[in-house]
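Let's take a walk through this structure together, one stop at a time. Have the sequence and the 3D view ready as we go.

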Amino acid sequence: MELFPDLPFASWVDTRATLHRYAQIVGKVRLAASPRRNHWWSVPFHVTGRGITTRPMTDGSTIFTIDFDFLDHRLDITALSGRRYSFPLSGQSVADFYDQVRRGLSAVGADVTIALPWPFDLSDSGRPFAEDTEHATYDAAAVSRYWRVLSQVNLLLEEFAAGYSGKTSPVHHFWHTFDIAVTRFGDAFVDQPPSTDPVTREAYSRDVTSFGFWFGEDAFPEAAFYSYTSPEPAGLADEPLHPSTAAWIERGSSHLAVLRYDDARAAPDPRAVVLEFYDSAYRAGATRAGWDIDKWTSPGGVTDPVITAEQHSVRQA
């Protein structure tokens, strides 16, 4: 299978908008039916061999999961009891999808209510899901490409995550911004202004460097690999990035390290280029933030210094 297939933003912009809202509906069920974890780790999706999953949730009595199946293009709601509700993803407006999810939860015996049943931080955030008949495009081929890219990036991020032995998030797919990311945490508590919203306060209560991939948006209509450091240390954008096609871009009052998807695809070894990019962005942020890089290094996921030394000796032999 081709690493990083062609993924032109314009070719699936309507499907992406519909799928994003589908994901927010299911994500809000996950938010309501999962124990809260630090930095909202209980909220995102995880990649499976067929699509993405909420992992098991509960309303207090019924244990259930919701899975997007991007091979058969269906949504599956399955309870531990064996009760199941499944329906096709194509041919559904957001309003239809929302109604089907509610029916499905009832059918498997899960009593879950979405507290705020409208989009989060999207252009139509004032319109309830139940009234959205506008977003109804589902191109199965485009969704398959999205999932293939998501799966490949998931493995790259897992490989990159292995090199850091400090506190790190899972690799997970956020339904808020529709990106996949992994975050490394430092030791510092972040004193945020009282006006900071609760979502942001919890997400950035510690200093972080984060790495991920997103599928594009209206303000940046192309897919890209990214990294940022928060709080942003002085001089971050003066640090070098690799490969040479990567660059710092201004995003609000901060900077984002960006490697465009098409630039990575064009490289002789796209996988190596993306890992090089993430590493250079990490070193830029960690160096400027004063992190002890050597302390938290775990090459190949190994933290034992004896094993590390033995592996180094074997490589030198």
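Ala 286 counts as buried because its relative accessibility is 0%, where buried means under 20%. In this predicted model, Ala 286 belongs to helix H6. Setting aside neighbours within four places in sequence, you will find Ala 286 in contact with Thr 209, Trp 291 and Ile 293. Leu 89, by comparison, is 197 residues from Ala 286 in sequence and 42 Å from it in space, C-alpha to C-alpha.

Helix H6 (270–289) also takes us to the second largest pocket, where both H6 and helix H3 (140–161) supply at least two residues of the lining. H6 gives the most, with 4 residues. The volume of this pocket is about 300 Å³. Its lining is made of 16 residues, and Phe 160, Gly 163, Arg 184, Asp 279 and Pro 299 are the closest to the centre. Sorted by class, the lining has 8 nonpolar, 4 polar and 4 charged residues.

Two of these names meet again: Arg 184 has its charged end over the ring of Phe 160, 4.0 Å from the ring's centre. Lys 167 likewise places its charged end over the ring of Phe 185, at 4.9 Å from the centre.

Phe 70 counts as buried, at 1% relative accessibility, and Tyr 146 counts as buried at 0%.

Notes: Residues numbered from 1 in each chain as written. Predicted model: local features only at pLDDT ≥ 70, side-chain atom pairs only at ≥ 80, totals over all residues. Heavy atoms only, no water. 1 Å grid on protein atoms, 1.4 Å probe; cavity = no way out; pocket = protein on both sides within 12 Å on 5 of 7 lines; lining within 4 Å. Points joined across faces, edges and corners; volume = space filled by probe spheres on them. Nonpolar A, V, L, I, M, F, W, Y, C, P; charged D, E, K, R; others polar. Buried < 20%, exposed > 50% of the residue type's maximum accessible area, 1.4 Å probe, protein only. Contact = heavy atoms within 4.5 Å. Lys NZ or Arg CZ within 6 Å of the ring centre and 35° of its normal.
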